[in-house]
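Welcome! Please take a look at the structure below, and then follow this short briefing through it topic by topic.

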Amino acid sequence: GVLLVAQVIPYLEQELNKRYNLYRIWDFPQKSQFLIQHGASIRAVVGRSTAGADSELIDALPKLEIISSSSVGVDQIDVKKCKERGIRVTITPDVLTDEVADLAIGLILSLLRRISECDRFVRNGNWKHQLTTKFSGKTVGIVGLGRIGTAIAKRAEGFNCSICYYSRTQKQESKYKYYPNVVELASNCDILVVACSLTEETHHIINREVINALGPKGFLINIGRGKHVDEPELVSALLEGRLGGAGLDVFENEPHVPEELLSLENVVLLPHCGSGTIETRTAMADLVLGNLEAHFLGKPLLTPLV
Ligand code: 8YV
């Protein structure tokens, strides 16, 4: 059996249902009851960024062989436990990189040029001109120069931006300026983009000090995870004018969005849709299916993490 722990696109759900004995966790009002009845027959778990497999779920699935996640992030999966138990983990890297990087640039443009706000003006019958902020030529600071961070940097270069970054270690092959901590990075850029993975070390990596360093003329963009940002600190900085603005695709307690943000004009708020195009979600689904198929045929996995 295959256990689906999160809603996925219809194509993926249908294909899983065709190929396997598929259980959807939400079909069972009591998760514990499902696990007692069917836990021993589950060989694969399919999840995504909203739900994966924590220690408790893994413990309840003694025959679990593989977790295939329709996401590049694995913060919802107990990867350490999977390693210990010899459970394979696959993710969907690369196929979503362009999409998420495109959205990051979209958020920057929307925030600085106030595109969403201007659209609301026009819809409300207001032909109002207001002066906004230029993007081209600004300094973009990237937290996490991995696949997505690098793709954002390349795009920003197309806007003649200077690029600097923070990561745990300096990338020798990179021509961009490296800062060994996020506060320094934030002090030296106009737009700070969070593009790292969520781990214990990067939880609340954007804290009060970083926000203050970015300052009243600085903009924060988050296309990573909500938990990268100390959200109450972000909200108070925006309310007090200590930060110029924020473009957010993710929130600390999704789908909950802090009420205070809804009335602010210097924020752009998106429903975690970075990878959300037909093309990319289909490619991600095909990777999930391809990894499961390879696993059950005893072939090498396409995109293994563990
Ligand atoms: C998704 C993501 O929201 O890849 C990730 O880590 O956050 C996104 O691509 C998602 O899990 C799509 O199913």
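This is a predicted model: local features need pLDDT of at least 70, side-chain atom pairs count only at pLDDT 80 or more; totals for chains, interfaces and linings use all residues.

Start with Pro-255, which sits in the loop between strand S11 (245-248) and strand S12 (267-269). The peptide bond that leads from Glu-254 into Pro-255 is cis, with omega near 0 degrees. Helices (H or I, at least four residues) and strands (E, at least two) are DSSP runs, numbered from the N terminus.

Residues are numbered from 1 along each chain as its sequence is written.

**Two domains**

- The domain assignment of the protein chain gives domain 1 (2-93 + 277-296) and domain 2 (97-269); such bounds come from an automatic or database domain assignment.
- Taken over C-alpha atoms, the centres of domain 1 and domain 2 are separated by 31 Å.
- Five residues of domain 1 are in contact with five residues of domain 2, where contact means that the C-beta atoms of two residues, placed from the backbone, lie within 7 Å.
- On the side of domain 1 that touches domain 2, there are one nonpolar, three polar and one charged residues. In this classification Ala, Val, Leu, Ile, Met, Phe, Trp, Tyr, Cys and Pro count as nonpolar, Asp, Glu, Lys and Arg as charged, and the others, Gly among them, as polar.

**The five-stranded sheet**

- Five strands form an open sheet with parallel pairing, in the order S2-S1-S3-S4-S5; two strands pair if DSSP finds at least two bridges between them.
- Strand S2 (22-24) and strand S5 (88-90) are the edge strands, and each pairs on one side only.
- On average, neighbouring strands of this sheet are turned by 20 degrees against each other, direction ignored.
- Strand S4 (residues 66-69) runs parallel to S5 and is joined to S5 by three bridges; Ile-66 stands opposite Arg-88 in S5.
- Helix H11 (residues 278-296) packs on this sheet and touches strand S3 (44-47), S4 and S5, its direction making about 165 degrees with that of S4. Axes are lines fitted to C-alpha atoms, for helices over the stretch in contact, and angles run from 0 to 180 degrees between N-to-C directions.

**The seven-stranded sheet**

- A second open sheet has seven strands in the order S8-S7-S6-S9-S10-S11-S12, with parallel pairing.
- Strand S8 (177-178) and S12 stand at the edges with a single partner strand each, so one side of each has no neighbour in the sheet.
- Strand S6 (residues 139-143) pairs with S9 in the parallel sense over four bridges, and the bridge partner of Val-140 in S9 is Ile-191.
- Both faces of strand S9 (residues 191-194) are covered, with Ile-191 and Val-193 buried on one side and Leu-192 and Val-194 buried on the other. A residue is buried if 20 or more other C-beta atoms lie within 10 Å of its own, exposed if 12 or fewer, and partly exposed in between, with C-beta atoms placed from the backbone.
- Four bridges pair S9 with strand S10 (residues 219-222) in the parallel sense, and Val-193 stands opposite Ile-221 in S10.
- From S9 the chain crosses through helix H9 (residues 208-214) to S10 in a right-handed β-α-β crossover. Right-handed means that, with the strands pointing away from the viewer, the path from the first strand over the helix to the second runs clockwise.
- S10 and S11 run parallel, joined by four bridges; in S11, Ala-246 stands opposite Leu-220.
- The chain passes from S10 through helix H10 (residues 231-239) to S11, and this β-α-β crossover is also right-handed.
- In S11, Gly-245 and Gly-247 point one way and Ala-246 and Leu-248 the other way, and all are buried.
- Three bridges join S11 to S12, which run parallel, and Gly-247 stands opposite Val-268 in S12.

**Loop residues to look at**

- Asn-160 lies in the loop between helix H7 (147-157) and strand S7 (162-166). Asn-160 is not a glycine, yet its phi is positive, about 55 degrees; with 10 other C-beta atoms within 10 Å, Asn-160 is exposed.
- His-272, in the loop between S12 and H11, also has a positive phi, of about 50 degrees, although it is not a glycine. His-272 counts as partly exposed, with 17 C-beta neighbours inside 10 Å.
- Lys-217 is in the loop between H9 and S10 and counts as exposed, with 10 C-beta neighbours inside 10 Å.
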